[in-house]
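I opened the model to look up a few things and wrote down what I found. The entries follow in the order of looking.

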Amino acid sequence: MESREPIIQVEGLTKHYDQVMAVNGISFSVYRGEIFGLLGPNGAGKTTTLEIIETLRKKTSGKVLVTGLSVDNKSSEIKKRIGVQLQSAGYYPNLTLWELLKLFSGLYNRKTDRNELLKSVGLEEKAYAHFKQLSGGQKQRFSICTTLINNPEIIFLDEPTTGLDPQARRNLWELILAIRKSGTTIVITTHYMDEAEELCDRVAVVEKGKIIAQDSPAQLIENLVRSGFTRKKEVRNANLEDVFLSLTGKEWRDE
Amino acid sequence: MNREEKQYSQWTAMLAISRASFRSITRSPSAVIFTIAFPLVFIIAFGFINPGRIKLEVGLHPGSDTSSAIYRSFILTPNVKLVKDQGLGLLESGLNKGRLDALLFIHPPDSTRVAGRVVEVITSKSSREKGRFVESILTNIIDKGNLAFLKARIHSEKYLEHEGGLTEFRETEIAGREYKMIDFILPGQLGFSILSAGVFGTAFVFFSLRQTLVLKRFFATPVKRSFIILGEALSRLVFQVIGAIIIILIGKFAFGFTLIHGVVTVLNMLILSAIGLIVFMGFGFVVSGIAKNESVIPPIANIVTLPQFLLSGTFFPVDVFPDWLQSISRALPLTYLNDALRQVAFEGAGLTDVLTPLLFILGWGVVVYALAVRFFRWE
């Protein structure tokens, strides 16, 4: 489906905090145009890995290339080519979304069509609202909106759906898939497996600072089934979330 | 992916931050209150204060004839405090600075003159109204004496002759300027507003930008950290300068604040304010760095601002304190900013004339920024 050109290459990445080994020799590649998932429980080292690739954090050792540029000496070049959505990031106080987009346009030295940007994340009605007045889903959509300003080659989403209700989650998935469709590579962290299965072309499972599995979701499931795994419960044709969504509807409702 | 490859400008990014930050400040009630409302309230309160009971402090020239009837009458006048036993130099400088309302010289009798005695009153524009008051008290006393003397002459009565006959009254006004309450209060309030905006504003803004990951989101863009600080500093500077202009204009047109060289004086005051703000922002960086959580910012910031509020000549001159307290006052940067502002505004000093206080403030700046580099935290 995608060309197999690696856009991110990570080799033997480690990160120590004093005595703690947060990332312990991670290697993986992300290919242009795919959605790549970093999965794992809280504290596994997902965010640290992401922040090193985003050039927000220094690594202890290893090699990291983003769009062929090394994070060691090309961090400002890399920053121009990527978009970063932080876990629970705040925005400048007392400003409207419209003004915040102007701020970020300046920070990226870009001329932007703010209407178009807001429309692309379904927030055109909220141009004059303040960030803190938005619902959880709207906040995440706005965060993603700010990552699109510089027309990036890669965007990084750190647990974008944590804390959202099922409708908001599904809306965000649609948004993420739409962004990928426009040609942007997406790296996402999550600890929701249904989300990874729905969105990701390939995933890496991180545990205690190491990658313990890496493949497409379908292949990983296939591997497990082949090893003789069976679910304890019989699989039904629907689950409670399907019930909830069919009862309450799927439309965007975080007004 | 088509991408325009042009030179990235840190300045464009910095200006974007300044613009956003300035908007944010103008919408933050605390910033507006600290910078404009508080100083104005104090200025208005003090601007309307008239000293209720007039107390006169009159210096007595060391050569005065204290055996004269005029002297005896004068010391009986209510609300007059006579400053005696001081050297002439000290008395004159007191008069100049407005500490004394008038200087009285009752010459010894001189029988070679038509008017046998001369009484001289020197007043200063520094306290013009009180000086007038002293003059009218004296002319009153002298007129009565003269009248009595003339009556006595007409009736050939001799008993007044030992007073030396007629008394001549001389008045001189020295070239002090009229020093109003507003001339003292306004620079102090301006200085204090700069201090509190610099310390509180900077500490809160950087603490909360750090806590809410606004700074971290900035780091994910190509802007450099130094330009983030520059952008923030620029917006605060612009806001504070606008605040200073408003305060000075209200002081000038509502309360007759003295601006010796007009616009030049205002510009000098604004430059001093800007330098002061930059130095005080250093305190803010330190506070934002050492504060572990938001609720400890006010106490720590108050440790910096409150002593200066009370001891740096904001409300009363530093001279009124006992010596040991004065030596503390003389170590605080706001004292020097207030001094420099007053000299520029009231005495028409240029920036080179206030080099000493300016160097002192800059010295504090060096110390504070050394600490800020040590304590400031980005994350």
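Domain bounds here come from an automatic or database domain assignment. With those bounds, I find chain B divided into domain 1 (10–49 + 180–375) and domain 2 (56–174). The centres of these two domains of chain B, taken over C-alpha atoms, are separated by 48 Å.

Conventions. I note that this is a predicted model, in which local features need pLDDT of at least 70 and side-chain atom pairs count only at pLDDT 80 or more, while totals for chains, interfaces and linings use all residues. Residues are numbered from 1 along each chain as its sequence is written, chains are lettered from A and ligands numbered from 1 in the order in which they are written, and side-chain values use heavy atoms, with hydrogens and water left out.

Chain B, overall. I list 13 helices and five strands; helices (H or I, at least four residues) and strands (E, at least two) are DSSP runs, numbered from the N terminus. Of its 379 residues, 49% are buried, where buried means under 20% relative accessible area, exposed over 50%, and partly exposed in between (1.4 Å probe, protein chains only). I took contacts as heavy atoms within 4.5 Å. Among those in chain B between residues at least 6 apart in sequence, 77% join residues at least 24 apart.

Strand β3 of chain B. I then asked which residues of β3(B) lie on each side. A102(B), L104(B) and I106(B) are on one side, L103(B) and F105(B) on the other, and all are buried. In a regular strand the side chains alternate between the two faces of the sheet. For pairing, DSSP must find at least two bridges between two strands. Strand β1 (residues 56–60) of chain B runs parallel to β3(B), joined by three bridges; L60(B) has L104(B) as its bridge partner. Strand β4 (residues 117–124) of chain B runs antiparallel to β3(B), with five bridges, and V119(B) in β4(B) stands opposite I106(B).

Chain A. I list nine helices and 10 strands. The C-alpha trace of chain A spans about 55 × 55 × 40 Å along its principal axes. Buried residues make up 51% of chain A.
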